[in-house]
Amino acid sequence: MVAIQLDGVSKQYGSITALRNVDLTVESGEIFGFLGPNGAGKSTTIDILLDFVRPTNGSATVLGHDAQTESVAVRSKTGVLPDGYHVYDRLSGREHVQFAIDSKESTEDPLDLLDRVGIADAADRNAGGYSKGMTQRLVLAMALAGEPELLILDEPSTGLDPNGAREMRKIIREEADRGATVFFSSHILEQVEAICDRVGILNNGELVAEDTISGLRASLETDSRLDVTLENADNGAVSAAEDVAGVTSAIQDGSMLSIALTRESKYEVLAALDREGYSIVDFTTDESSLDDLFAAVTREPRSAEGHTEEDAAAAPTEVEQ
Amino acid sequence: MTWVAVAKKDFSDAVQSRSLWALSAFFILLSLGLTYGYSEFEFLSAGTETTIGGLVFFLGGIVGLFVSITSIVICYRAIAGERELGSAKILLSLPHSRLDVLVGKVVGRTAVLAVPLIIALGLGLSIGIIVIGAGSILSAVIFLGWTFFFALVYVSIIVGLSALVSSTTKAAALGIGFFFIVEFLWDGVAFVLLFVANGFSLPTAAPDWYFVVTQVPPSNAYFSGLVALLPDVAAAVNASTGAAGFDAFYAVPEIGIVILCLWLIVPISIGYTVFSQADL
């Protein structure tokens, strides 16, 4: 069974392309992490799944229903924690959850749901006075109403402290154990790594990767990084390192060479640099983290000048929502 | 259809607003004041005998203005406000169609406007019945029912306008613009239409269609409808719609009922068409 299917989805806002020909499949029952820097098009994708916006091209199917023509059927089986929402300031937490329960034509006790997200004690206070974290928990409780088959969570840990983020992950796991499919977007990698079965990475409106995390690691040649500090680093050192088999890139930053490479070629690189007359002051090596994977797939091909990670996060076209 | 949940939510939200209670208090004071004024001061009853029917038409003449202004205040943010703030994302994450949202909003806001209005008018009329003691209670009941319908129509118009735009500034401009052109300045608009249609000169006698044009403002249509619903009372208190000078089959007070029904359907349908295709 397929929970979410995107076929060639594009979305154009005037002259800005928010999504470009995205194909994506999320299987029923999996926890799918939807990654990408801010402005990559994650929220636009979610907005299309919920029929908040209409795709310029392509089609989206959610739980077997067309996301545009059968949106009410989609949303009756889906719990949503949207992005950039605002609660009703004058309604209490209990009234919010009751509204979600009524809308889903369900019969739960709103207090049970509020208890699950840890804000039962604030049930009768107006949501306008809630902190950001409490508001996030409240809207999660609304999303859980009616035991949805699918949970769509847009940046769920926004506004949560580490404790809150951990509770959020626990609830996501519980929902998945119940049999629900969970689709959530994030730009924070640790959360995704901790609980996702599979991830999709979106960059600049394009899906650049869709795989399991281990599969993603394996698919990238560079699974290690070697930082070498040289007494006399220069372009020649960069070329020497890049000539070694297994090296994908070498960037010079002052006296340091940062080399992306396969695990097996580390020794060979050090040997080659030594052979070329560069004296090695120090070196460190580490397994590439998900951050590196993320950077590797969302970044333009590395150039000699080098991009910082901040560049990668800021460069994509920001789409005003 | 989940509009009931939307209407309930919308009403409970508004009920907790202080301005609703201020509005209710204002309506009650206004209604009691008007009743008192009508029964005490002869010049307000225009020389006719003070009756419940007379009070009904006296109140009806003023209700038109207050319903139009208060429904703009209560409703201009109905859809645009939720879109601007982002609560529309919560509302539409739940399984409501956009039609459910509009219908729920119209019903919820009608309750917000009509409940205090009907209570206030009912109170004023009850006291009027006790003080004046003449005239039929039925005319008072018909008046309350028709006024309720008028409130529903006005709410539907303003919610329809609110559904056209995604910012409250634009929604406020639409609401205020509507009031000025269709209510406040309509006599001038009708006059210009007549002038233009007659080849940029004034006719010696107004054509029949001109009567229909004068009935376009919802508050005029409401008043004419009241005359049509209570013809005997209207005749007794000299309430007239100006239809007498025209002899076309449609130049009758009943046109007010037709026009109000159109106001109920047309703006909200246009609002729905735009809103249903809009990106949030």
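The largest pocket in this predicted model holds about 670 Å³ of space. Of the 26 residues lining that pocket, the closest to its centre are R90(A), D13(B), I74(B), R77(B) and R109(B).

**The largest pocket**

- Which elements give two or more residues to the lining of the largest pocket? They are α1 (3-15), α2, α3, α4 (80-85) and α6, which belong to chain B.
- The largest share of this lining comes from α1(B), with four residues.

**Enclosed cavities**

- Rolling a probe the size of a water molecule over the atoms shows where empty space is left.
- Searching the whole structure turns up five cavities of 30 Å³ or more, and the volume of the largest cavity is about 90 Å³.
- The residues that line the largest cavity are F27(B), L30(B), S31(B), L34(B), L59(B), I62(B), V63(B), F66(B), L117(B), A120(B) and L121(B).
- In chain B, α2 (18-40), α3 (52-75) and α6 (98-132) are the elements that give two or more residues to the lining of the largest cavity.

- Is strand β8 (residues 181-186) of chain A mostly covered or mostly uncovered? Strand β8(A) is mostly covered, as six of its six residues are buried.
- In a regular strand the side chains alternate between the two faces of the sheet.
- In β8(A), T181(A), F183(A) and S185(A) are on one side, while V182(A), F184(A) and S186(A) are on the other; these residues are all buried, and both faces are covered.
- Strand β3 (residues 31-35) of chain A runs parallel to β8(A), and five bridges join the two. Within this pairing, S186(A) of β8(A) has L35(A) standing opposite.
- Strand β7 (residues 150-154) of chain A is also joined to β8(A) by five bridges, and these two run parallel. Here L153(A) is opposite F184(A).
- From β7(A), the chain passes through helix α6 (residues 162-178) of chain A to reach β8(A), and this β-α-β crossover is right-handed.

**An open antiparallel sheet in chain A**

- Strands of a sheet pair through backbone hydrogen bonds, either parallel or antiparallel.
- Four strands of chain A make up an open sheet, ordered β2-β1-β4-β5, with antiparallel pairing.
- Why is one side of β2 (16-27) and of β5 (65-66) of chain A left without a neighbour in the sheet? Both stand at the edges, each with a single partner strand, so one side of each has no neighbour there.
- For β5(A), the antiparallel pairing with strand β4 (residues 57-62) of chain A extends over two bridges. D66(A) in β5(A) is the bridge partner of T61(A).

**Helix α5 of chain A**

- The end C-alpha atoms of α5(A) are 19 Å apart; this agrees with the 18 Å that its 13 residues should span at 1.5 Å a residue.
- Twelve of the 13 residues of α5(A) are buried, and the helix is mostly covered.
- Among the buried residues of α5(A) are M134(A), Q136(A), R137(A), L138(A) and L144(A).
- Within chain A, the buried residues of α5(A) pack against β6 (78-81), α3 (93-103), α4, β7 and α6; from chain B, they pack against α5 (87-93).
- G146(A) follows α5(A) and has a positive phi, near 75°.

**A127 of chain A**

- A127(A) is found in the loop between α4 (110-116) and α5 (132-144) of chain A.
- Why does A127(A) count as buried? Its relative accessibility is 2%, and buried means under 20%.
- Y88(A) and A127(A) are 39 residues apart along the chain, yet their C-alpha atoms are separated by 6.7 Å.
- Beyond its neighbours within four places in sequence, A127(A) is in contact with V87(A), Y88(A), D89(A), L91(A), S92(A), H96(A) and L138(A).

**Helix α11 of chain B**

- The twelve residues of helix α11 (residues 218-229) of chain B should span 16 Å at 1.5 Å a residue, and its end C-alpha atoms are 16 Å apart, which agrees.
- Because nine of its twelve residues are buried, α11(B) is largely enclosed by the rest of the structure.
- The buried residues of α11(B) include P218(B), Y222(B), L226(B) and V227(B).
- These buried residues of α11(B) pack against α3, α7 (137-162), α8 (168-184), α12 (231-236) and α13 (255-277) of chain B.

Technical notes: Residues are numbered from 1 along each chain as its sequence is written. Chains are lettered from A and ligands numbered from 1 in the order in which they are written. This is a predicted model: local features need pLDDT of at least 70, side-chain atom pairs count only at pLDDT 80 or more; totals for chains, interfaces and linings use all residues. Side-chain values use heavy atoms; hydrogens and water are left out. Buried means under 20% relative accessible area, exposed over 50%, partly exposed in between (1.4 Å probe, protein chains only). Contact means heavy atoms within 4.5 Å. Two strands pair if DSSP finds at least two bridges between them. A crossover is right-handed if, with the strands pointing away from the viewer, the path from the first strand over the helix to the second runs clockwise. The expected span of a helix is 1.5 Å times one less than its number of residues. On a 1 Å grid over the protein atoms alone, a cavity is a set of points where a 1.4 Å probe fits but cannot get out, and a pocket is an open set with protein on both sides within 12 Å along at least five of seven lines; lining residues have an atom within 4 Å of a point. Grid points are joined across faces, edges and corners, and a volume is the space filled by probe spheres set on the points.
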